[in-house]
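User: I'm new to this one. Can you walk me through it?
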Amino acid sequence: MRLPLPMVLDHVNVFAFEDPEGWTIVDTGFDTGKTRRIWEKLMAGPMGGKPIARVIVTHHHPDHVGLAGWFQRDMGAELITTRTAWLFSRMLLLDEQMVPVDETIAYWQTAGMDPEILAKRKVERPFNYADIVADMPLGFTRIKEGATLTFGGRTWDVRIGNGHAPEHATLWSQDGELVIGGDQLLATISPNLGVYATEPEADPVGDWLEACERLSAYATDRQLVLPGHKLPFTGLPTRMKQLINNHHHALDRLEDYLTDPHVAGDCFPPLFKRKIGSGEYGLALVEAVGHLNHLYQEGRITRTRRDDGAWLWQKA
């Protein structure tokens, strides 16, 4: 099933698997009145009124976990996810701000955010997780690397990805060639690999590349991959190579671009090779920092402070 999102990537895929005791659903969409109404129609219609027995959340991003608490509290569903996904979700639900905190503003400044955008964001109410994620009651069932789950008449191996989200669960069926990829395994786009004020020295690109290399060992051409966005696909080994190579090529282009010093906010052209609009600016900025951090930690570039506090990055 495909649920709407009010942004450039305008949908999220969710999946339902039937068992005698009820449905297991994988990911949920945002917590909005519109999404709840869609779910109510789905449950009454194609899902035949059977109960939601469990909710599996692949990772903590709002389009995937948004309604998990609603299914738990109102329908008695069991929540199954990784410990990191659950902890991040619970923590971010408590972190509600009317204006950006000082640490976030300082982070934007170090990234060289466009001055007009920075001035506007300083006084705006920022994105708050609680706006689109339902309150989550205490209690969940943990999955981790090497665990197995049984639902939909199948046994699934849990394999953990990283980079786009910490401890991102992917599920690989032992009973036929089926894989639930979340945002770790996508057909035609690469997920955002962003750095945020919560961990400004993080290396999500390095985490992503390591996970892609490791998960590639389990990929076969026959598997049907059910992704978090866009269409299901086959040909996973080729796609894994593309995902890895695309980021290596982007890193090489960025390194060459830094023959002259630049702040992160200047680095969109070599990374994305297209114009970045206002709706994409924030995600583009945090991904630029992600790639810069990776090059820096590999010793391929250096950085110095500009007078306004922004990092200037340059090829080593």
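Analyst: Here is a short tour of the sheet, a helix and some cysteines. Keep in mind that this is a predicted model.

User: What order do the five strands of the open sheet take?
Analyst: The order is β3-β4-β5-β6-β7, and the pairing is mixed.

User: Which are the edge strands?
Analyst: β3 (15-19) and β7 (141-142). Each of these pairs on one side only.

User: How many bridges join β3 to β4, and are the two parallel or antiparallel?
Analyst: Five bridges, and the strands run antiparallel. A hairpin of two residues links β3 to β4. Within that pair, Ala16 faces Ile25 of β4.

User: And the link from β4 to β5, how many bridges there?
Analyst: Four. Residues 22-26 form β4, residues 52-56 form β5, and the two run parallel. Trp23 has Ile52 of β5 as its bridge partner. Val26 is opposite Ile56 in β5.

User: What unit do β4, helix α1 and β5 make?
Analyst: A right-handed β-α-β unit, with α1 covering residues 33-44.

User: Is β4 buried or exposed?
Analyst: Five of its five residues are buried, so β4 is largely enclosed by the rest of the structure.

User: Which strands does helix α3 lie across?
Analyst: β4, β5 and β6 (78-81). Helix α3 spans residues 68-75 and runs at about 155° to β5.

User: What about Cys212 and Cys267, buried or exposed?
Analyst: Cys212 is buried, at 1% relative accessible area. Cys267 is buried too, at 0%.

How values were computed: Residues numbered from 1 in each chain as written. Predicted model: local features only at pLDDT ≥ 70, side-chain atom pairs only at ≥ 80, totals over all residues. Heavy atoms only, no water. Pairing = 2+ DSSP bridges. Contact = heavy atoms within 4.5 Å. Axes fitted to C-alpha atoms, helices over the stretch in contact; angles between N-to-C directions. Buried < 20%, exposed > 50% of the residue type's maximum accessible area, 1.4 Å probe, protein only. Right-handed = clockwise from strand over helix to strand, strands pointing away.
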